[in-house]
Amino acid sequence: MKYSDLAGKSAAELQAMLKEKKTELFTLKIKQKMMQLQNTSELKVAKKDIARINTALAAVEK
């Protein structure tokens, strides 16, 4: 996901995406603790996506 993909979205859409990504990060962390996560780089990608969404959300709310 790139920031340019998020720039045109509304605050409500960004909030929904943020909630979805946080849920995904939670499940990835649980899988990692239970040794079921094969690709640990997914954690890094999910965290960066959350940061991008938060940045876009801050820009929209300005």
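Buried residues make up 24% of the 62 residues in this protein, where buried means under 20% relative accessible area, exposed means over 50%, and partly exposed covers what lies in between, as judged with a 1.4 Å probe and protein chains only. The model is a predicted one, in which local features need pLDDT of at least 70 and side-chain atom pairs count only at pLDDT 80 or more, while totals for chains, interfaces and linings use all residues. Residues are numbered from 1 along each chain as its sequence is written, and side-chain values use heavy atoms, with hydrogens and water left out.

**Overall form**

The protein has three helices and zero strands, and its pattern along the sequence reads α-α-α; helices (H or I, at least four residues) and strands (E, at least two) are DSSP runs numbered from the N terminus. The C-alpha trace spans about 40 × 15 × 15 Å along its principal axes. The C-alpha atoms of Ser10 and Leu37, which are 27 residues apart along the chain, are separated by 33 Å. Ser10 belongs to the loop between helix H1 (3-6) and H2. If contacts between residues at least 6 apart in sequence are considered, 64% of them join residues at least 24 apart, a contact being heavy atoms within 4.5 Å.

**The nonpolar core**

The largest nonpolar core holds 13 residues, and those that touch the most other members are Leu6, Leu14, Leu18, Leu25, Leu28, Leu43 and Ile53. Such a core is a set of buried Ala, Val, Leu, Ile, Met, Phe, Trp, Tyr and Cys residues joined through side-chain atoms within 4.5 Å. At least two of its residues come from each of helix H2 (11-33) and helix H3 (41-61), and H3 gives the most, with six residues. In soluble globular proteins, nonpolar side chains tend to be buried together. When neighbours within four places in sequence are left aside, Leu6 is in contact with Met1, Leu14, Met17, Arg52, Ile53 and Ala56.

Lys21 is found in helix H2, and Asp49 in helix H3. Beyond neighbours within four places in sequence, Lys21 is in contact with Met1, Asp49, Ile50 and Ile53, whereas Asp49, under the like exclusion, touches Met1 and Lys21.

Phi of Met35 is near 60°, a positive value in a residue other than glycine.

The table sets out the accessibility of residues named above.

| Residue | Relative accessible area | Class |
|---|---|---|
| Asp49 | 5% | buried |
| Lys21 | 14% | buried |
| Ser10 | 35% | partly exposed |
| Met34 | 51% | exposed |
| Met35 | 73% | exposed |

**The surface**

The protein exposes about 4,600 Å², of which carbon and sulfur atoms supply 55%; accessible areas come from the Shrake-Rupley method with a 1.4 Å probe, and for residues only the protein chains shown count as cover.
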